[in-house]
Amino acid sequence: GGSLEHLGARRRAVRGAAASRVQSLVRSRGARSRFLALRGAVVAVQTGFRRGIDTTLVRHRFGACVVIQNAFRLHRARSDLGRLKIEATAIRIQGWYRGCTAKKNFVEKVAAVKKIQAFHAGWVQRVSFASLISVAVKDSWADAKMV
């Protein structure tokens, strides 16, 4: 009977070890599947959180870009307005200068016309006087011949 007990004890020990090994494998598989499920959930939560952070950062960056663009457009508009004011002032100055130049040219031309008219009037008077004198001289010679 002693050897049968020994074999029974050995069988129980082998079965116990096999049962422990099977239980260990089942537990480790269950733990692994729970770990993978938990890791997937953590990754999903992290992804959502990071996406939220990224979305928030994108919104902040987009808002900052809009602010910078508005500031630049305002600066450019003010600069363009200043340039337009300068151009408008330059156009007014050019118009005034051209007007003064045209008036000066007109006055000079009027003075030249007056000189020409005066010269012509003097010439006409000299020619008229000369013809009048020649007529008078001819008349006086004619009178002198008659006497």
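Leu132 sits in helix H1, which covers residues 2-146; helices are DSSP runs of H or I with at least four residues, strands are runs of E with at least two, and both are numbered from the N terminus. The model is predicted, so local features need pLDDT of at least 70 and side-chain atom pairs count only at pLDDT 80 or more, while totals for chains, interfaces and linings use all residues. Residues are numbered from 1 along each chain as its sequence is written, and side-chain values use heavy atoms, with hydrogens and water left out.

**Exercise 1. Describe the overall form of the chain.**

Step 1: Start with the secondary structure. The protein chain has 1 helix and 0 strands.

Step 2: Look at the spread. The radius of gyration is 61 Å, well over the 15 Å that the globule rule gives for 147 residues, so the chain is more spread out than a compact globule. This radius is taken over C-alpha atoms, and the globule rule is 2.2 Å times the number of residues to the power 0.38.

Step 3: Picture a box. Along the principal axes, the C-alpha atoms fill roughly 210 × 20 × 10 Å.

Step 4: Buried residues make up 2% of the 147 residues, where buried means under 20% relative accessible area, exposed over 50%, and partly exposed in between (1.4 Å probe, protein chains only).

**Exercise 2. Find which residues form a nonpolar patch on the surface, and classify some of them.**

Step 1: Recall the rule. Patch residues have over 30% relative accessible area and no salt bridge; like charges are joined within 9 Å, and nonpolar side chains (Val, Leu, Ile, Met, Phe, Trp, Tyr) within 5 Å.

Step 2: Name the members. The patch consists of Phe129, Leu132, Ile133, Val137 and Trp141, which together have about 540 Å² of accessible area.

Step 3: Classify. Leu132 is exposed at 56% relative accessible area, and Trp141 is exposed at 59%. Ile133 has 37%, so Ile133 is partly exposed.

Step 4: Ile133 lies in helix H1; from Gly95, Ile133 is 38 residues away in sequence and 55 Å away in space, C-alpha to C-alpha. Trp141 is also found in helix H1, and between Trp141 and Gln117 there are 24 residues in sequence and 35 Å in space, C-alpha to C-alpha.

**Exercise 3. Locate the salt bridge and describe its two partners.**

Step 1: Count. The structure holds 1 salt bridge, meaning a side-chain nitrogen of Lys or Arg within 4 Å of a carboxyl oxygen of Asp or Glu.

Step 2: Identify the pair. Asp80 and Arg83 are the partners, and their closest N and O atoms are 2.9 Å apart.

Step 3: Explain the spacing. Because Asp80 and Arg83 are 3 residues apart in helix H1, about one helical turn separates them.

Step 4: Asp80 is partly exposed at 31% relative accessibility, and Arg83 is partly exposed at 44%.

Terms used: Accessible areas come from the Shrake-Rupley method with a 1.4 Å probe; for residues, only the protein chains shown count as cover.
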